[in-house]
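Good morning, and thank you for the time.

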Amino acid sequence: MSSSSKKRPALGKGLSALLESSLTDITSEDLSDASVLGSVALLPISAIEANPFNPRTHFEEEALQELSDSIATHGIIQPITVRKLGRSKYQLISGERRFKASQMAGLKEIPAYIRVANDQTMLEMALVENIQRQDLNAIEVALSYHRLIQECNLTQEKLAQQISKSRTSITNHLRLLKLPAKIQLAVRENEVSMGHARALVGIDDTDKQIEIFERVINEKLSVRDLENILREEKNNNTEEKKKSTAKPVVTEQQSQFTNGFSEKVAAKVQIKKQPSGNGKLIINFNSEVDLNRIIEILNE
């Protein structure tokens, strides 16, 4: 049976499952070096190009230098994964951090799993491998979720099943992409945490989001501090709303006036007050004759 007839493993099993054997390969037109597919080989770094599908764009320079120093001393512990584009030409699927660090360390060759994958498969593999990393920030994870949903035609529920995450976790991450760019950048650079970002995304007004975000930065507020501030804001807004919608009270003096005036004109008299302070003094009548009677009394 040809490799193309094998069923592809689920995304939720992770990249390691995709790399278990050469049976996971996607058929390519160029199989001149098919004997190396599914195996680990030492490849010239110069023959490998970057992965255009990798959603990760930020690499901490200090950590990258530390990895480079480690590679220079101990070598590569975990091979990168590449797809074969043609004879002696490869494209990175996963392991871009190791690849960059190896370049910095001056390596000429790097161990790599070799695969043949079409663009759709490569995108899925790169995104899933990326999501499973432990050092990604919340925005990078959110962008990976967004791309899997948009470009691989997945619903949030299906994605949750594929990558073994709760739908709530996926929804919470995707909501972060609604934050202003300034706050998203702060999450990327670890100036604020996922907890801060989740709290801020619940604020409807963008200007208010920025205002409170700047307080978080300037006052070095914890997530709990931020949640307390937002709770106070909500309670204050609720009290203000109650005050603005509260029914104005008719005073005892005003009530005595309406009662006396009602007796004088022999009709029901009401005071209707608005929160703004204006209102109406209403004299009720039952007929045209009754109205004329009241007018005569008022004209006396």
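A definition is needed before the pocket itself. By pocket I mean an open set of grid points with protein on both sides within 12 Å along at least five of seven lines, and a lining residue is one with an atom within 4 Å of such a point. The general idea is that rolling a probe the size of a water molecule over the atoms shows where empty space is left. Please bear in mind that what you see is a predicted model.

Which residues, then, line the largest pocket? They are A199, G202, I203, D204, D205, K208, I212, L230, E233, K234 and N237. Two elements each give two or more residues to this lining, namely α10, covering 206-219, and α11, covering 223-245. Of these, α11 supplies the largest share, four residues. In volume, the largest pocket comes to about 260 Å³.

Two packed helices are described by the angle between their axes and the distance between the axes. Helix α8, residues 181-188, and α10 have axes that come within 10 Å and cross at roughly 35 degrees. On the α8 side the contact involves K182, I183 and A186, and these meet Q209, I210, F213 and E214 of α10. Sorted by class, that contact holds four nonpolar residues, two charged and one polar.

Next, the backbone. Most residues other than glycine have a negative phi, and most peptide bonds are trans. Against that background, I draw your attention to two loop residues. N190 lies in the loop that joins α8 to α9, the latter being 194-200, and its phi is near 60 degrees, a positive value in a residue that is not glycine. K220 sits in the loop between α10 and α11, with a phi near 50 degrees, again positive in a non-glycine residue. Are these two positions buried or exposed? N190 has a relative accessible area of 61%, and because the cut-off for exposed is over 50%, it is classed as exposed. K220, at 72%, is likewise exposed.

I move now to contacts between residues separated in sequence. F59 belongs to the loop between β2, at 48-49, and α2, at 61-74. Its relative accessibility is 11%, so it counts as buried. Setting aside residues up to four places away, F59 touches L64, E96, R97 and K100. The pair F59 and E96 is separated by 37 residues in sequence, yet the C-alpha atoms are 9.7 Å apart.

Beyond its neighbours within four places, Q254 contacts V249, I271 and K273. From Q254 to I271 there are 17 residues in sequence and 8.0 Å in space, C-alpha to C-alpha.

Finally, a word on confidence. The chain has a mean pLDDT of 77, and 76% of its residues reach 70 or more. Over residues 1-36, however, the pLDDT is below 50, although this stretch has 63 contacts in the model beyond near neighbours in sequence. Where pLDDT is low, the predicted coordinates should not be read in detail. Thank you; I am glad to take questions.

Key
Residues numbered from 1 in each chain as written. Predicted model: local features only at pLDDT ≥ 70, side-chain atom pairs only at ≥ 80, totals over all residues. Heavy atoms only, no water. 1 Å grid on protein atoms, 1.4 Å probe; cavity = no way out; pocket = protein on both sides within 12 Å on 5 of 7 lines; lining within 4 Å. Points joined across faces, edges and corners; volume = space filled by probe spheres on them. pLDDT = per-residue confidence, 0-100. Contact = heavy atoms within 4.5 Å. Buried < 20%, exposed > 50% of the residue type's maximum accessible area, 1.4 Å probe, protein only. Axes fitted to C-alpha atoms, helices over the stretch in contact; angles between N-to-C directions. Nonpolar A, V, L, I, M, F, W, Y, C, P; charged D, E, K, R; others polar.
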